[in-house]
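Hi everyone, thanks for making time this morning.

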Amino acid sequence: MSTTNDRVVVVGAGVSGLAIARELAPDHDVIVLDKGGIAADTSSRASGMISLSLEPFPDEWATFALSQFRDLDGQGVFSFTERETVRLVPEANADLYTDQAPDGGEFLPRDALKRRFPESFGDLSAYGGGLLYDGTGYLDALDYAMTLKWAAERNGAGIFRDHEVTDIRSKDGTVTGVETEYGVIDADHVVFATGWKTRDLLADHVELPVRPLRWNAVVIEPDNPLPDDCPMGSEPTMRIYWRPTDHGNVLVGGNEHLLDDPEGTPMSVQESFRKGVVEDVAPLLNGAAAGTIRREDCCPTADCASPDGLPIIDTPREVPDGLAVVTGLHGRGVMLSPVTGRAVRSLVTGEEPPFPMTQFRLNRFDNRSTNFDYRSHWGTGEDD
Ligand SMILES: Cc1cc2nc3c(=O)[nH]c(=O)nc-3n(C[C@H](O)[C@H](O)[C@H](O)COP(=O)(O)OP(=O)(O)OC[C@H]3O[C@@H](n4cnc5c(N)ncnc54)[C@H](O)[C@@H]3O)c2cc1C
């Protein structure tokens, strides 16, 4: 376990690495190294949906992360906008929810949904209504990452881009530092928060069952700005989500799938996704069908999937003491980042976190093969 001022090298300056740096910087000598820029990989592409209460997470993770977003709101350049979420329910399924909505939601039949958000929706004729949730919201992922960086640096962390880590150093079964393209950096603890690349980087030490995962997202400018109360939402049969932006536009994302060759994948969204957004999703929101696509994104490399859809945040017994691993954020790395930061703090310091850690352990997987199918969080029953 750490003592005050121990040096911690965090490899990877995505939201995971930056959240870890923010947690540890007040009482450790923290250095963050990224081979590229700050949050320049997957993290800056995230849609910023914070829908913790709808995810298959322990309540304590959701409660902790949400309270951290609320506390951070207004600091640095960060703002967290709380907004209700509507899960549309196809007409054929509406009877399932009239008595009881799952996960603490409220079922609103179609007419009640339209009355509740009179300016937001377009053509909902294929839907019997929607499940309404609060405790959700959105953020700008790059502003969030830069605020985590600012908070960590204020507490003395050194954060360096263009520093590729090529290996770990260890002696007598304990980590002693990392090798970088510029030489060795000594450390008492090393944390790899390098997304799906963690699998290859640590392949000589531990087998990690993670795979690259691709998402698509576009921003549409409707012909009139969406109203200020427009809810976030999702269409489960198409596996597509939306959220309003601060400028009355709407960000639409989804269609996630596993990848074999992230580096060879085009940067633009898939044609089938764009077509589905334009033809099937845009008409659901007022004015979006006549709108214009203003931005297209997919991760230039990839996010990182795990077999059960939950992250791996652990100090596996196979690796040298003092080495922690963060990977497999499975499309939820932004909303889980406060939990990731505190979980790694607990691994480094031995402090008890305010949430369970067992779901993060690598040893929950008997099979470490990367030959697994995608585990959806959409809850449609198809892939779960
Ligand atoms: C289109 C899209 C939409 C998404 N929407 C959401 C959302 O709404 N909500 C949500 O919670 N999540 C969302 N996600 C998922 C989220 O973006 C990821 O789970 C999260 O960014 C993972 O962060 P990370 O820091 O673990 O990894 P990354 O952001 O991938 O960071 C890893 C870092 O490690 C660095 N690195 C790799 N190898 C080395 C090395 N050898 N040496 C030094 N540095 C190295 C990389 O350069 C990179 O900066 C979305 C993802 C995409 C692509």
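Let me begin with a term: by a salt bridge I mean a side-chain nitrogen of Lys or Arg within 4 Å of a carboxyl oxygen of Asp or Glu. Before I use it, a word on the source. This is a predicted model, where local features need pLDDT of at least 70, side-chain atom pairs count only at pLDDT 80 or more, and totals for chains, interfaces and linings use all residues. Residues are numbered from 1 along each chain as its sequence is written, and side-chain values use heavy atoms, with hydrogens and water left out.

So, how many salt bridges does the structure hold? There are 21. Take E296 and R274, whose closest N and O atoms are 2.8 Å apart. E296 sits in strand β18 (residues 292-298) and R274 in helix α6 (residues 271-281), so this pair ties together parts 22 residues apart in sequence. Helices (H or I, at least four residues) and strands (E, at least two) are DSSP runs, numbered from the N terminus. E296 is partly exposed, at 29% relative accessibility; buried means under 20% relative accessible area, exposed over 50%, and partly exposed in between, with a 1.4 Å probe and protein chains only. Salt bridges that share partners also join D27, R345 and E351 into one network.

A second pair is E82 with R70, with the closest N and O atoms 2.6 Å apart. Here E82 belongs to strand β4 and R70 to helix α2, so parts twelve residues apart in sequence are tied together. Both partners are partly exposed: E82 has a relative accessible area of 39%, and R70 has 41%.

Now, please look at the ligand. Which residues come nearest to the ligand? Of the 34 residues around the ligand, those are S16, D34, S43, M49 and M335, where being near means having a heavy atom within 4 Å. There are polar contacts too, meaning pairs of N or O atoms within 3.5 Å. A backbone N or O atom of V15 lies 3.2 Å from a ligand oxygen atom, a polar side-chain atom of T42 lies 3.1 Å from a ligand oxygen atom, and for a backbone N or O atom of G333 the distance to a ligand oxygen atom is 3.0 Å. The protein covers 97% of the 1000 Å² of accessible area that the ligand has on its own, with areas from the Shrake-Rupley method and a 1.4 Å probe.

Terms used: Polar contact = N/O pair within 3.5 Å; in protein donor to acceptor, adjacent residues only side chain to side chain.
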